Amino acid sequence: MPFIPHTDDDVRTMLATIGAGSVEELFAEIGPDLRPRSFDLPKGMSEMAVMARLEALAAKNASGLKSFLGAGFYDHHIPATVDALTSRGEFYTAYTPYQPEASQGTLQAIYEFQSAMCRLMDMHGANASVYDGGSAIFEAMMMAARKTRRRRFVISEAVSPIYRIMLTSYTINLNFELVTVPHVNGMTDLAGLTKAIDAETAAVLVQSPNFFGCITDFSDLFAAARAAGAVSVVCANPVLQSVLKTPGAMGADVAVAEGQGLGLPLSFGGPYLGVMTCAKDMIRQMPGRIVGKTVDAEGKPGYVLTLQAREQHIRRAKATSNICSNQALCALRALVHLCSLGEEGLKRTAGLCIERAHYAAKRLCDLPGVSMMNDAPFGNEFAVRLPVNAYEAIDKLTAKGVVPGFPLGRYYPGLENCLLVACTEKTSREDIGIMAEMLGGLLA
Amino acid sequence: MKTVFEKSRPGREGVWPDAPQNGPEAYIPAALLRSSPARLPELSELDVVRHFSELSRKNFGVDSNFYPLGSCTMKYNPKFTEKAAALPGFAGLHPVLPQLQGAGRLCQGALEVMHDLERLLCEITGMAGFTLHPMAGAHGELAGCMLIAAYHHAKGNVKKKVICPDSAHGTNPASAALAGYEVVNIESVDGIVDPAKLAEVLDDETAALMMTCPNTLGLFERHLPEIVAMLREKDALLYYDGANLNAILGKMRVGDAGFDVVHLNLHKTFGTPHGGGGPGSGPVGVSERLVEFLPVSRVKKLEDGLFVLDYNHPKSIGYVAPFYGNFAVYLKAYAYILRLGREGLVRVSENAVLAANYMRKRLEQHFQIPYNRTCMHEFVASAVEQAKSGVRALDIAKALLDKGHHAPTVYFPLIVKECIMVEPTETESLETLDRFVDDLIEIAGRAASDPASVQAAPVTLPVRRLDETRAARDMDIASL
């Protein structure tokens, strides 16, 4: 039987030691009325047969598309070192590091991951990650609620709608008030947000680059939030963060991110990586796993899970969250990715993404009837207005192997003609040229 | 060992892409740019490879060590499933593709995996519907509690509390609390949920009981049928924590047994790697009366065989994940289920239970076994006898590390003093089980004859015992 080593002799030996006549006897407590009414599963298959089936399924998915899809999730180059190192069995077949002496590899890697995230975001503390960027935003809101003992959240509509709908689901049973401040042509409405913050506000939530790709300096907004006793939460892009003004420099209290762009494949939605960092006075509010540096009985440095008193296995119903693990392997991928590229490599990556996106924006805006949604600075993604319905334009181009972007009308009624276009360092100028020509052909 | 930051040397070249023609300052106003470098490590590629190879050697994993961690089901992680998840047709697929007009056609293979796996999980558990969205076991618990809340709200039931037995995982009460419920604990009697104790707290305000069966003591909940009837009476739902599903595959289906909600830890029962803490995958199954509340989107097979995502479920609890859950993880579980098939899955539970009872029997002369009767796939021993000479469960755990075994779960569940919770799983050979038991017996002997030697453990690992108090007090959680 696959993966089960027990021979008939082994089974006899074990049954004899137990003093049982058969294996079935061990299940005697499950009475006849509790036995399965059916267990109608297919017969087992050989490894070769399963792989053949999965290869056939994989082949049913589109391949070789020239894609400009982003919407917060990007197809970056992943250095070969990432797969090679993270597929070492001692990393990926390990458990949560409850026995620190036998888990120094995982623990030191998490400590280094936390350090790298703090350095990227310019913040003081980080946790060992949560499920994804959306979960990180929700947990940041919970941190703010605990810190301020308030329940009102002011949220920019330019924050990814994917995260905002998650937030709505997550908070439905918690008596929170979510106040959404509309975007202005895809730009974050700083004045509107500032006005919406009041003495009951727990947190203000913004994103830069926002869902439309616009980059914003939130320094004044965060100062206003602080004056009102509210917590500032910003969602950032970790790749671009190597060149953009940092959440720390803007005075954010909590900075979160989707870490997928740091060495994780798109994989149809997961697993991804929720990055959480914060200012010093928020660290004890941080949920999930945190690794700390300490010393062993001989004074040698080592690492342990720390601040565990906040956690569910000790505090049960009063824990900071119900999260009992982290995306350790995804965090390791992000760390190996960052170390492989290094400071300069990440900056070049960000630089290429920005340059390609600006080239694409220019090529598209040269087409008749196409214009930028706004004149805000942008990084690797931007929104344009088309003279036609974006869904239909996408549909026609996709049939020819090019996905020109994401239709903003999917989440923003009234923006049916708007297209969100993303580039990465993998997007070549040639591909941009082909996309622009095809779109031009459609509009002509 | 030095951190990767300490090893950094400015100017060392890593995996650099070509430089852009112009820097970001050509496109973005200076006020929006970073004013000081992020100070990420600068290393050669070989530096990076050596650093992480060295770190990996400081880790125990199932590939290198026996990992009898109770309630965690650390079985062997098949290698071919990794290859399957890395197929470019899966790994390269953008998650928003199916949101484009008619673009479900571009990801039929992925949608078919989701549809097929949901149906397999329904058959394995006897539930009416499944969602693959929750991204970990605890996330599944939260989604499950949200489903319970949605059910009661829709019926106009006023429900305020969720009952958790004292043998429950710590995540159960935390998840119920996060779904807005007050948590009521009940004590076990003889290690299992007692209908009389339940009757004391069960009332019209009870939304649900969260149960693990077999529970965290490795015991089957014998009063299950009676408990189901009691809950039905109050229109309270029964939640199944699937962490211990490995014990009952093909022997009991939680749907048939009367459970309304179940979360499965695919990384446990279906052998996807734990990754040092994650990613996992925590699909949630529901009985017929809860299907309409499942998260969106839901995958559907049309009559012409086409798979589509269906967002039109007005009573849905909404979105718990950005997309469709940890696709690459559940893809591995899917491959695992196909490989084992019906007979293989039944054998999983049979051999897991056989191995646990064998170890329990071999250890009973040397350790106190608080509930020494037929167990399921795990059992609980206690070091109370050893503690009399000053050797505690934690010392025994550390001594096992010196022997090359990962330690069992200790001090959990909280209701057993000096608790040592052993779960061997079905994939460990008799030789491995015997070696572990022999080593444990040897440590028990030393606890009596030379307790100091056990208290000093570990001595063979990269570090000796670590000062956890200092870590919390001085709090060095990042190299800044």
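1. Start with where the two chains meet: 201 residues of chain B are in contact with 179 residues of chain A. Keep in mind that this is a predicted model. Interface size is often quoted as the accessible area lost when the parts come together. Here the area buried between chain B and chain A is about 16,800 Å², and carbon and sulfur atoms give 65% of that.

2. On the polar side, 89 residue pairs are in polar contact across the interface of chain B and chain A, both partners being at pLDDT 80 or more. Helix α10 of chain B (residues 327–363) gives the largest share of the side of chain B that touches chain A, with 28 residues. Sorted by class, that side of chain B has 118 nonpolar, 45 polar and 38 charged residues.

3. Now for the charged pairs. One to look up is A:Glu101 with B:Lys398, where the closest N and O atoms are 2.7 Å apart. A:Glu101 sits in the loop between α4 (89–92) and α5 (104–121) of chain A and B:Lys398 in helix α12 (residues 393–402) of chain B, so this pair joins two chains. Both A:Glu101 and B:Lys398 are buried.

4. Chain B also has a salt bridge between B:Lys75 and B:Glu426, at 2.8 Å from N to O. This pair links distant parts of the chain, 351 residues apart: B:Lys75 is in the loop between α1 (45–56) and α2 (80–85) of chain B, and B:Glu426 is in the loop between β12 (419–422) and α13 (430–449) of chain B. B:Lys75 counts as buried because its relative accessibility is 1%, under the 20% cut-off. B:Glu426 is buried too, with a relative accessible area of 1%.

5. Back in helix α10 of chain B, B:Arg347 and B:Glu343 lie four residues apart, about one turn of the helix. Their side chains meet in a salt bridge at 3.3 Å, N to O. B:Arg347 is partly exposed at 31% relative accessibility, and B:Glu343 is partly exposed at 44%. Elsewhere, salt bridges that share partners join B:Lys155, B:Arg232, B:Asp235, B:Asp260 and B:Arg289 into one network.

6. Finally, chain A by itself. Its secondary structure comes to 14 helices and 15 strands, and its C-alpha trace spans about 85 × 55 × 50 Å along the principal axes. Of the 444 residues in chain A, 67% are buried. Among contacts in chain A with a separation of 6 or more, 71% come from residues 24 or more positions apart.

Technical notes
Residues numbered from 1 in each chain as written. Chains lettered and ligands numbered in written order. Predicted model: local features only at pLDDT ≥ 70, side-chain atom pairs only at ≥ 80, totals over all residues. Heavy atoms only, no water. Contact = heavy atoms within 4.5 Å. Buried area = accessible area lost by both parts, 1.4 Å probe. Polar contact = N/O pair within 3.5 Å; in protein donor to acceptor, adjacent residues only side chain to side chain. Nonpolar A, V, L, I, M, F, W, Y, C, P; charged D, E, K, R; others polar. Buried < 20%, exposed > 50% of the residue type's maximum accessible area, 1.4 Å probe, protein only. Salt bridge = Lys/Arg side-chain N within 4 Å of Asp/Glu carboxyl O.
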